[in-house]
Amino acid sequence: MVGPLHYLVLAAALFALGAVGVVIRRNAIIVLMSIELMLNAVNLTFLTFSRFPLVVKGNDAPIAGHAAVFYVIAVAAAEAAVGLAIVIAVFRSRLTVNVDEIDSLKN
Amino acid sequence: MLEVNWLHLIPLLPLCGAAICGLVGNKLPKSWLYAVALGSVFTAFMIGLSAFGLVSSETGASALHERVFEWFTAGKLHVDLGLTIDRVSGTLVLVITGVGFLIHLYSVSYMDEDAAYWRYFAYLNLFVAAMLLLVLGDNLVAMFVGWEGVGLCSYLLIGFWFEDDAKASAGRKAFIVNRIGDFGFLLGIFVIFSQLGSVSFADIHGATFAAVPAALAALFLFIGATGKSAQLPLYIWLPDAMAGPTPVSALIHAATMVTAGVYMIARLSHLYMQAPGVLAVVAIIGALTAAWAALIATSQSDIKKVLAYSTVSQLGYMFIGVGVGSFVAGTQHLLTHAFFKACLFLGSGAVIHGLHGEQDMRKMGGLKKYMPHTRWTFLIATAAITGTIPLSGFFSKDEILGKALQTSIFNSLRMWPGGPFMTQLGLVIYLLGSATALLTAIYMWRCYYLTFEGDYRGGPDVHPHESHWFMTLPLWILALLSVVGLVLGLPEPIGEKLHLDWASWEHFSLGVFANPPISNNHESIPEWLTYGIALLIGVVGWRLAVYWFGSGSEERSNKLVAAFPRVHSAFEHKLYVDEFYNAVIVRPLWTGARVLWRVVDVWIIDGLFINGTAQSVAFIGSIARRFQNGDVQRYAAMTALGLAFLVYVFLR
């Protein structure tokens, strides 16, 4: 029987993978992808609590989890569009997407 | 007490003179400058004379007073700048301005060749102004301003030739030693204010103090007096003060400033009478100083040093006088001493001037041939100081010694709690004072004989010559005054017979000082006997001096010196007091200052506190800087770690 714990552990694993990817990868596109991964891990958590409403006491409107997920998907799409646009713009001017080399604001 | 509105002119005129000489003196023609400097002092003298005439007439007011302006009010303390003249301060005003004027006149000739003559006269006028304020002030604070003012002028004039390092440091020494005493003076003022809520002499006059505060105030003020009036243990600055020009030594370091301590004690006689223990201290210190300085004076070869130690010794006599409760005798000796010591100093100045700066008596001798005026006046003043009858010094010194013998003021004092009474202290002081009188006669006649008698021992290229009349006139006037000063101290029967009893100081100053108790410890000793002893001592001292130095050289006395080489060398080296103070006070202070500088300041304050603070901030910053490196991913890692930590803490 697949219970809420399974979903939540999967979500945590996905979130951790995304977080590690954000921290250790140097390619800006991979970093953006890792952020998407984290957002989707969060989406999975929302859906879990929506699907198993009794896990949290007093959660009598499970539809709220779905609404939040749609909201996150919309924002994530916008974020991906803006982020990729920035990455392309940076690549055009500096011919690299390595985040370590994009440090002209430093100093 | 008569209220007037012109007393402020007396100190103000010399002050204006000082301002003019000091500010524009180098642009004025020399004769104008002299007119300003001498004129201001002389006008002050004339005003002082009229004030003196008012207070000394039998029918007039006993004192004049002027409230110049309200000075300051702070809480309970209210101080006016007030001036007051009574018979004593009036006489002193005449001495200060009169002798001061003579010394100004003398200085015109003495300092004529000095390029900084205008600075000299500015200082000298400023000194006269400060000294007048000291004498005239009607409260302790005003007196203290004058007290500090004369100290400042003394410092400026000792170090007048400041290009010479030794002279500059002699000035500093005088200033620093005086500051030690002034600290005591200030504490004394504080004690009196805390007890009385007032600092004016009029209030102190009528006040009754508790025993302990009276003793404390009197003792603190006496510490001030030991500094200013060069008593043990603070006398060391006065011999060094001879580095200044000789007229300065005559005015400041003989006639006026150094007697300020005696004047102060006499002015506060009512306070001191309430502290007989302190009076005993005053008398003992005075007697010890008199003897101590006289011993040193016997073996000095610098003519000015002899006179300086003689001054210290004579000041000791004055303190004996006020210490045994006879404020009349102390101030009387103050006056006569002002005349003959100023005359002696000016005489030595004339000698030094005539010998082009030579001060060593071993290179003098036989000067009576070249300087008849100087010689005669010096002779008269020497006779006065050694107590030759009937000159002024004889009467004033004998008055002090006689009062020391008779005094009963110490009868109620015990040597220690429960110990025997000090009834014989007066006798001890009398004996010590008489022994000192013998020494005085010896060293002063030695000074005279070595300088003026015998053959000239100086180099062939120095031609001794008599001075200008600007210098000899003051000498004669002062010599005359040291003779005429005898009227101050004539014994009553003789005075009455000559119709001079009105001029006797005891009669004249009646009512100004507190009266010592009437009872007499040694009734059986008649006055003529003490006179006889004093006279005998003077003659013996003179004969001894004639025997040793009569030929004008030290041939005979050298045998004595050869017999006691160590004693002589100790006296010659001023009994090693300077060396002692150096070892005990100055060097530890130096070492302490070096420790403070090198360890406390450089290491602890600069190193630990100042640089240490900066370095620790920089160190913490260098660590914190690593987190602020602009690497977003590292921020993210940190955020994640922090989040994980919070999750761990709250969900544990």
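Two strands count as paired if DSSP finds at least two bridges between them; strands (E, at least two residues) and helices (H or I, at least four) are DSSP runs, numbered from the N terminus. This is a predicted model, in which local features need pLDDT of at least 70 and side-chain atom pairs count only at pLDDT 80 or more, while totals for chains, interfaces and linings use all residues. Residues are numbered from 1 along each chain as its sequence is written, and chains are lettered from A and ligands numbered from 1 in the order in which they are written.

Select residues 64-74 of chain B, strand 2, and then 77-85, strand 3: the two pair in the antiparallel sense over 9 bridges. Within this pairing, B:Phe69 stands opposite B:Leu81. Strands 2 and 3 of chain B form a hairpin with 2 residues between them, and B:Gly75 in the turn has a positive phi of about 60 degrees.

Next, select helix 19 of chain B, residues 469-484. Its buried residues (20 or more other C-beta atoms within 10 Å of their own, C-beta atoms being placed from the backbone) include B:Met471, B:Leu475 and B:Leu478. The buried residues of helix 19 pack against helices 3 (87-110), 15 (327-354), 16 (372-385) and 17 (392-406) of chain B.

Finally, show both chains. The contact (C-beta atoms, placed from the backbone, within 7 Å) takes 7 residues from chain A and 5 residues from chain B.

Definitions and conventions: Two residues are in contact if their C-beta atoms, placed from the backbone, lie within 7 Å. The expected span of a helix is 1.5 Å times one less than its number of residues. A residue is buried if 20 or more other C-beta atoms lie within 10 Å of its own, exposed if 12 or fewer, and partly exposed in between; C-beta atoms are placed from the backbone.
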